Amino acid sequence: MVFFSLLLLLVLVTGVLVVRAYLGQRRSTAVEAIAPQTGLTFLGNGNHLIPDAVWEFSLFSKGRSRTIGNVLQGQIDDNELFIFDYQYTTGSRKNSHTHTFTVALIWLRGIQLPAFSLIPKNFFHRIGCMFGYQDINFDGYPQFSELYLLRGSDEYGIRSLFNHWLLSFYARNPATCSEGMGKALLYYHTDGKLNPTNWPNLLAEAQEVARLLGKATKG
């Protein structure tokens, strides 16, 4: 009886691993197929495929088992672009949870960004703000201020970046996140991994943010 139970468990685990590998390969094939639409090149899987400096971002400091896969990379408008799947795990055993995202990274040429983090505001953020938790708001843009938590040590520099056009962009595109630092801009949605057919749209949004940031830094 014990032997049969162990054999059944082994079969189930093997089956799960086979299905997971199949789905992973199918996704990689789909990502590689849309690469020509983005003007980027499929590089494959591996944390080493993106710049080391990116690991200083808040998104990449959370949880454990941080994994990058299905990386597309290339040059567009003098900027180096990446788009990829990213996941990390929090909790343990039955309470563990794997968080997944599709992330666009733009390595900007001729721009130096102050460090900032922009994420959708939740209930706990609102409570924290009542007790002094930093949230950079903008008079005249109540929708943006209601939707987003914007933070960073260089408040003056951040305010100079977030002009009318950038504030309006984020107000029209809720449930998105961005981080900036130096030459790097990170942009992603909060709703998990995107279908590869939606990757060009995500990339286009990130490029629009980069364009607006460039416009703001040049006055």
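**Salt bridges, a buried glutamate and strand pairing**

Glu208 is partly exposed, with a relative accessible area of 27%. This value, like those that follow, comes from a predicted model. The side chain of Glu208 meets that of Arg211 in a salt bridge, with a distance of 2.9 Å from N to O. Arg211 is partly exposed as well, at 46% relative accessible area. Both residues lie in helix H6, where they are 3 residues apart, or about one turn of the helix. An α-helix has 3.6 residues a turn, so residues three or four places apart point the same way.

Helix H6 covers residues 199–217 and contains 19 residues. The distance from its first C-alpha to its last is 27 Å, close to the 27 Å expected at 1.5 Å a residue. The buried residues of H6 include Trp199, Leu202, Leu203, Val209, Leu212 and Leu213. Also among them are Ala206, Ala210, Gly214 and Ala216, together with the charged residue Glu205.

A search of the whole structure finds 3 salt bridges. Besides the pair in H6, a salt bridge is formed by Glu155 and Arg159, whose closest N and O atoms are 3.0 Å apart. These two residues both belong to helix H4 (residues 155–161) and are 4 residues apart, about one turn of the helix. Glu155 counts as partly exposed because its relative accessibility is 34%, which falls between the limits of 20% and 50%. Arg159 is likewise partly exposed, with a relative accessible area of 34%.

Another salt bridge is found between Arg27 and Asp85, with the closest N and O atoms 2.7 Å apart. Arg27 lies in helix H1 (residues 2–38) and Asp85 in strand E3 (residues 79–90), so this pair ties together parts that are 58 residues apart in sequence. Arg27 has a relative accessibility of 18% and therefore counts as buried, the cut-off being under 20%. Asp85 is buried too, with a relative accessible area of 3%.

Glu179, in strand E7 (residues 176–182), is buried yet has no salt bridge. The nearest side chain of opposite charge is that of Lys62, at 6.4 Å. This pair does not count as a salt bridge because the limit between the nitrogen and the carboxyl oxygen is 4 Å. The side chain of Glu179 does reach the backbone nitrogen of Leu59, at 3.0 Å. Leaving aside residues up to four places away in sequence, Glu179 touches Phe57, Ser58, Leu59, Phe116 and Ser117, among others. Its contacts also include Ala184, Leu185, Leu186 and Tyr188.

Strand pairing was examined for E1, E2 and E3. Strand E1 (residues 41–44) runs antiparallel to strand E2 (residues 64–76), and 3 bridges join the two. Within this pairing, Phe42 has Leu72 of E2 as its bridge partner. E2 also pairs with E3, again in the antiparallel sense, over 9 bridges. One of the residues involved is Gln73, whose bridge partner in E3 is Phe82. E2 and E3 form a hairpin with 2 residues between the strands, and in this hairpin Asp77 takes a positive phi near 55°. Strand E3 is also the element that holds Asp85, the partner of Arg27 from helix H1.

Conventions
Residues are numbered from 1 along each chain as its sequence is written. This is a predicted model: local features need pLDDT of at least 70, side-chain atom pairs count only at pLDDT 80 or more; totals for chains, interfaces and linings use all residues. Side-chain values use heavy atoms; hydrogens and water are left out. The expected span of a helix is 1.5 Å times one less than its number of residues. Buried means under 20% relative accessible area, exposed over 50%, partly exposed in between (1.4 Å probe, protein chains only). A polar contact is a pair of N or O atoms within 3.5 Å; within protein, one must be able to donate a hydrogen and the other to accept it, and residues adjacent in sequence count only if both atoms are side-chain atoms. Contact means heavy atoms within 4.5 Å. Two strands pair if DSSP finds at least two bridges between them.
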